[in-house]
Amino acid sequence: MKQRVLEYLACPSCGASIDLRAVHEEDGNEIMSGELGCAGCQRTFAIRGGIPRFADLGKIEQEKQATAESFGWSWQQFSHDDEKYDEQFLAWIAPLRPDFFAGKVVLEGGCGKGRHTLRIARWGARDIVAVDLSEAVEVAFASTRGMENAHVIQADIYHLPLKRVFDYAFSIGVLHHLPNPRAGFESVVSKVKPGGHVSAWVYGAEHNGWIVRFVNPVREHLTSRISPRLLFHLSKFPTAVLYAATKLVYGPLNRSTYGAAIARHSFYNDYLSFISPFNWREQHSIVFDHLVAPTTFYISGEDFEEWWRDIKATDVVIGWHNKNSWRGFGKLSD
Ligand SMILES: C[S@@+](CC[C@H](N)C(=O)[O-])C[C@H]1O[C@@H](n2cnc3c(N)ncnc32)[C@H](O)[C@@H]1O
Ligand SMILES: [Zn+2]
């Protein structure tokens, strides 16, 4: 933990500021172990492994705990970086481009292994505070600790230990895994200062009826309940089918002039052609990610639009990404 993250922290119980109470171990500019304390209610929070710990996974509600355990394991396993992440991330936060981030104070709700945290830090944000409930924070911390402007904290998105000082907040692929996605969105938005901006990306209900009908029952009753280690191996079978379809059919068809006309009418083409350049490890990570989550909602465009209306955002840009998911970007009123 770098000392300067203190300027963004607030007690999740009473909202008062957070002080550094003790430093037990340092490594360069990182406080690796120590204690934080609330100036108001006096609650204390540990700094462990360089990360401020505001959530105790042992004490959190069962549903959230199960989700955090699944993803914690997942990101520790798939901790690699991939050059495709730049393009993929920019597609999720369109219409933003890297120059948007220069000098901004950014909040990331649910950072996983920190692949987007790293990119925003490199794109010149003044500071990015990345939050995740799971042990994935260990991976995010390790991959971003070289960046002076990157800060990783372990906390529940519903109880963010943060002040309302952010220029921009975003959440990618997280809200649909929460027990109440809209409340998670509102919690992230509540930390953005008036006039600031927000982005979110969620799974869509439209075009995903086949997942809801055929994949969800398997995920709910089987794959999210078995050990992640076993699922890691079992998920290689559906990955092999996906990999063959994207590399042998969807990729080549979409690259050829005549084939593209056929591909346009093929099952799930937009998404399958989008991921066709991804290598085996990345496709395995995507399949595993879908099957491991205990909670997943598919959100309709109508509901998603309502989220943005309810926060009274202006200049809202909503896009149907790959015809299977929704991305949104908007400005909070001054
Ligand atoms: C599919 S991953 C996406 C991670 C990252 N945004 C990315 O795209 O690489 C979902 C993440 O949400 C986190 N998460 C789930 N429930 C959470 C909660 N209640 N509070 C904070 N993070 C949560 C999980 O631990 C997981 O890392
Ligand atoms: Zn307090």
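## Polar contacts of the ligand

In the side chain of Asp156, an N or O atom sits 2.9 Å from a nitrogen atom of ligand 1. Ile157 takes part through its backbone: a polar atom there is 2.9 Å from a nitrogen atom of ligand 1. An oxygen atom of ligand 1 has a polar side-chain atom of Ser134 at 3.2 Å. A polar contact here is a pair of N or O atoms within 3.5 Å; within protein, one must be able to donate a hydrogen and the other to accept it, and residues adjacent in sequence count only if both atoms are side-chain atoms.

This is a predicted model, in which local features need pLDDT of at least 70 and side-chain atom pairs count only at pLDDT 80 or more, while totals for chains, interfaces and linings use all residues. Residues are numbered from 1 along each chain as its sequence is written, chains are lettered from A and ligands numbered from 1 in the order in which they are written, and side-chain values use heavy atoms, with hydrogens and water left out.

## The shell around the ligand

There are 20 residues around ligand 1 (a heavy atom within 4 Å), and Gly110, Arg115, Asp132, Ile157 and Ile172 come nearest. Helix H1 (62–77) and helix H3 (115–122) each supply at least two residues of this shell, with H1 giving the largest share, 4 residues. Helices are DSSP runs of H or I with at least four residues, strands are E runs of at least two, and both are numbered from the N terminus.

## The second largest pocket

The second largest pocket holds about 380 Å³ of space. Of its 20 lining residues, Arg43, Arg53, Phe54, Ala55 and Asp56 are the closest to its centre. On a 1 Å grid over the protein atoms alone, a pocket is an open set of points where a 1.4 Å probe fits, with protein on both sides within 12 Å along at least five of seven lines; lining residues have an atom within 4 Å of a point. Strand E3 (residues 44–48) gives the most to this lining, with 4 residues.

## Two buried residues

Asn216 belongs to helix H6 (residues 209–223). Its relative accessible area is 8%, so Asn216 is buried (under 20%, with a 1.4 Å probe and protein chains only). The side chain of Asn216 also makes a polar contact of 3.1 Å with the side chain of Arg219.

Ser224 lies in the loop between H6 and helix H7 (228–234). Ser224 counts as buried because its relative accessibility is 16%. Although Ser224 and Val292 are 68 residues apart in sequence, their C-alpha atoms are 4.5 Å apart in space.

Notes
Grid points are joined across faces, edges and corners, and a volume is the space filled by probe spheres set on the points. Buried means under 20% relative accessible area, exposed over 50%, partly exposed in between (1.4 Å probe, protein chains only).
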